[in-house]
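Open the model in your viewer and keep the selection tool ready. Each stop names what to pick and what is there.

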Amino acid sequence: MCAAGRGNSSRYDARVEPEAVQGTGAERAPRQRLPRALRIARQAHFQRAYRDGSRAKGSILTVVAVPNGLPHPRIGLSVGRSVWKSAVRRNRVRRIFREAFRLSRSELPAGFDLVLIPASPRLEPELAATREELVRLARKAAARAADRASRRAEGDQKERSTSPGSQ
(Lines give C-alpha, C1' and ligand atoms only; values in the text may rest on other atoms or scores of the structure.)
Protein backbone atom coordinates (compact mmCIF):
# COMPACT_ATOMS: atom_id res chain seq x y z
CA MET A 1 0.00 0.00 0.00
CA CYS A 2 1.09 3.51 -0.65
CA ALA A 3 1.31 6.18 2.07
CA ALA A 4 -2.27 7.36 1.45
CA GLY A 5 -3.61 3.89 2.26
CA ARG A 6 -4.67 3.01 -1.28
CA GLY A 7 -3.19 0.09 -3.12
CA ASN A 8 -1.05 1.30 -5.96
CA SER A 9 -0.37 -2.12 -7.44
CA SER A 10 -3.85 -2.63 -8.95
CA ARG A 11 -3.18 0.13 -11.42
CA TYR A 12 -0.11 -1.69 -12.73
CA ASP A 13 -1.62 -5.18 -12.58
CA ALA A 14 -4.25 -4.23 -15.17
CA ARG A 15 -1.61 -3.01 -17.58
CA VAL A 16 -1.14 -5.24 -20.64
CA GLU A 17 2.38 -5.87 -21.80
CA PRO A 18 3.15 -5.00 -25.47
CA GLU A 19 4.00 -8.61 -26.32
CA ALA A 20 0.51 -9.73 -25.27
CA VAL A 21 -1.19 -7.14 -27.46
CA GLN A 22 0.53 -8.16 -30.69
CA GLY A 23 -1.50 -10.48 -32.86
CA THR A 24 -4.80 -9.60 -31.20
CA GLY A 25 -5.81 -7.01 -33.76
CA ALA A 26 -5.08 -4.19 -31.33
CA GLU A 27 -2.08 -2.96 -33.34
CA ARG A 28 -2.38 0.43 -34.89
CA ALA A 29 -3.01 0.20 -38.63
CA PRO A 30 -0.64 2.12 -40.88
CA ARG A 31 -2.06 5.45 -42.03
CA GLN A 32 -3.60 5.22 -45.44
CA ARG A 33 -3.72 8.81 -46.52
CA LEU A 34 -4.95 10.00 -49.86
CA PRO A 35 -1.87 11.30 -51.72
CA ARG A 36 -1.95 14.90 -52.86
CA ALA A 37 -1.62 13.77 -56.49
CA LEU A 38 -5.09 12.19 -56.18
CA ARG A 39 -6.79 15.36 -54.94
CA ILE A 40 -8.04 18.40 -56.81
CA ALA A 41 -6.54 21.32 -54.94
CA ARG A 42 -6.72 24.34 -57.24
CA GLN A 43 -9.77 26.50 -57.64
CA ALA A 44 -9.19 26.66 -61.40
CA HIS A 45 -9.61 22.87 -61.65
CA PHE A 46 -12.89 23.02 -59.70
CA GLN A 47 -14.12 25.83 -61.97
CA ARG A 48 -13.19 23.83 -65.08
CA ALA A 49 -15.10 20.84 -63.72
CA TYR A 50 -18.20 22.92 -62.99
CA ARG A 51 -18.00 24.66 -66.38
CA ASP A 52 -17.09 21.74 -68.66
CA GLY A 53 -17.91 18.64 -66.61
CA SER A 54 -20.63 16.05 -67.08
CA ARG A 55 -22.91 15.35 -64.14
CA ALA A 56 -24.59 12.27 -62.76
CA LYS A 57 -26.90 12.57 -59.75
CA GLY A 58 -27.86 9.90 -57.25
CA SER A 59 -29.60 9.82 -53.89
CA ILE A 60 -26.39 10.31 -51.89
CA LEU A 61 -24.14 12.39 -54.11
CA THR A 62 -23.72 14.17 -57.40
CA VAL A 63 -20.57 13.45 -59.41
CA VAL A 64 -19.11 15.98 -61.83
CA ALA A 65 -16.54 14.39 -64.17
CA VAL A 66 -14.12 16.13 -66.49
CA PRO A 67 -11.07 14.62 -68.29
CA ASN A 68 -7.78 15.48 -66.57
CA GLY A 69 -5.16 13.96 -68.92
CA LEU A 70 -3.64 11.88 -66.10
CA PRO A 71 -3.46 8.08 -65.83
CA HIS A 72 -5.53 8.10 -62.62
CA PRO A 73 -8.69 9.70 -61.23
CA ARG A 74 -8.57 12.67 -58.83
CA ILE A 75 -11.15 13.71 -56.26
CA GLY A 76 -12.47 17.08 -55.24
CA LEU A 77 -15.04 17.62 -52.48
CA SER A 78 -17.62 20.36 -52.37
CA VAL A 79 -19.53 20.12 -49.10
CA GLY A 80 -20.99 23.50 -48.23
CA ARG A 81 -22.85 24.86 -45.24
CA SER A 82 -26.18 24.18 -46.90
CA VAL A 83 -25.58 20.47 -46.22
CA TRP A 84 -24.91 20.87 -42.48
CA LYS A 85 -24.44 23.99 -40.41
CA SER A 86 -22.16 22.03 -38.09
CA ALA A 87 -18.55 21.76 -39.27
CA VAL A 88 -18.24 18.43 -37.47
CA ARG A 89 -21.06 16.92 -39.54
CA ARG A 90 -19.77 18.44 -42.80
CA ASN A 91 -16.35 16.96 -42.09
CA ARG A 92 -17.91 13.55 -41.45
CA VAL A 93 -19.57 13.70 -44.90
CA ARG A 94 -16.19 14.64 -46.40
CA ARG A 95 -14.43 11.78 -44.62
CA ILE A 96 -16.97 9.24 -45.87
CA PHE A 97 -16.74 10.57 -49.45
CA ARG A 98 -12.92 10.53 -49.28
CA GLU A 99 -12.84 6.98 -47.88
CA ALA A 100 -15.30 5.76 -50.53
CA PHE A 101 -12.99 7.20 -53.19
CA ARG A 102 -9.89 5.67 -51.60
CA LEU A 103 -11.43 2.20 -51.34
CA SER A 104 -13.00 2.30 -54.83
CA ARG A 105 -10.12 3.93 -56.68
CA SER A 106 -9.33 0.88 -58.80
CA GLU A 107 -12.97 0.66 -59.99
CA LEU A 108 -13.23 4.34 -60.99
CA PRO A 109 -12.59 5.55 -64.55
CA ALA A 110 -8.98 6.63 -65.03
CA GLY A 111 -8.14 10.05 -66.41
CA PHE A 112 -11.00 12.02 -64.84
CA ASP A 113 -11.33 14.66 -62.18
CA LEU A 114 -14.34 13.77 -60.04
CA VAL A 115 -15.98 16.46 -57.93
CA LEU A 116 -18.30 14.96 -55.31
CA ILE A 117 -21.22 17.03 -54.05
CA PRO A 118 -23.79 15.85 -51.48
CA ALA A 119 -27.13 15.29 -53.21
CA SER A 120 -29.29 16.66 -50.41
CA PRO A 121 -29.11 18.73 -47.22
CA ARG A 122 -28.69 17.01 -43.85
CA LEU A 123 -27.13 14.00 -45.52
CA GLU A 124 -25.89 11.14 -43.31
CA PRO A 125 -24.16 8.79 -45.78
CA GLU A 126 -23.17 5.19 -45.12
CA LEU A 127 -19.80 4.09 -46.48
CA ALA A 128 -20.97 0.94 -48.33
CA ALA A 129 -23.86 2.68 -50.10
CA THR A 130 -21.65 5.68 -50.91
CA ARG A 131 -19.00 3.42 -52.48
CA GLU A 132 -21.55 1.67 -54.71
CA GLU A 133 -23.15 4.92 -55.81
CA LEU A 134 -19.79 6.63 -56.39
CA VAL A 135 -18.59 3.88 -58.75
CA ARG A 136 -21.89 3.80 -60.65
CA LEU A 137 -22.20 7.58 -60.99
CA ALA A 138 -18.52 8.13 -61.83
CA ARG A 139 -18.75 5.65 -64.70
CA LYS A 140 -21.95 7.27 -65.92
CA ALA A 141 -20.55 10.82 -65.76
CA ALA A 142 -17.27 9.73 -67.41
CA ALA A 143 -19.19 8.06 -70.25
CA ARG A 144 -21.16 11.26 -70.77
CA ALA A 145 -17.95 13.32 -70.75
CA ALA A 146 -16.30 10.99 -73.28
CA ASP A 147 -19.40 11.11 -75.49
CA ARG A 148 -19.44 14.90 -75.30
CA ALA A 149 -15.74 15.05 -76.23
CA SER A 150 -16.20 12.75 -79.23
CA ARG A 151 -19.16 14.81 -80.48
CA ARG A 152 -17.09 17.98 -80.17
CA ALA A 153 -14.24 16.36 -82.10
CA GLU A 154 -16.63 15.26 -84.86
CA GLY A 155 -18.10 18.76 -85.06
CA ASP A 156 -14.64 20.33 -85.30
CA GLN A 157 -13.67 17.87 -88.04
CA LYS A 158 -16.80 18.67 -90.07
CA GLU A 159 -16.17 22.41 -89.75
CA ARG A 160 -12.61 22.03 -91.04
CA SER A 161 -13.64 19.88 -93.99
CA THR A 162 -16.48 22.18 -95.08
CA SER A 163 -14.74 25.51 -94.53
CA PRO A 164 -13.79 27.42 -97.68
CA GLY A 165 -10.11 27.74 -96.66
CA SER A 166 -9.56 23.99 -96.55
CA GLN A 167 -9.52 23.43 -100.33
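Select arginine 48. Its relative accessible area is 22%, so arginine 48 is partly exposed (buried means under 20%, exposed over 50%, partly exposed in between, with a 1.4 Å probe and protein chains only). This is a predicted model: local features need pLDDT of at least 70, side-chain atom pairs count only at pLDDT 80 or more, and totals for chains, interfaces and linings use all residues. Residues are numbered from 1 along each chain as its sequence is written, and side-chain values use heavy atoms, without hydrogens and water.

Helices (H or I, at least four residues) and strands (E, at least two) are DSSP runs, numbered from the N terminus. Is aspartate 113 buried or exposed? At 0% relative accessibility, aspartate 113 is buried.

Arg48, Arg74 and Asp113 form a linked network of salt bridges.

Next, pick glutamate 99 and arginine 102. Their closest N and O atoms are 2.7 Å apart, in a salt bridge. Both lie in helix α4, 3 residues apart, so about one helical turn separates them. Glutamate 99 is partly exposed at 27%, and arginine 102 is partly exposed at 22%.

Last, show the whole chain. The chain has 5 helices and 4 strands. Buried residues are 31% of its 167 residues.

Technical notes. Salt bridge = Lys/Arg side-chain N within 4 Å of Asp/Glu carboxyl O.
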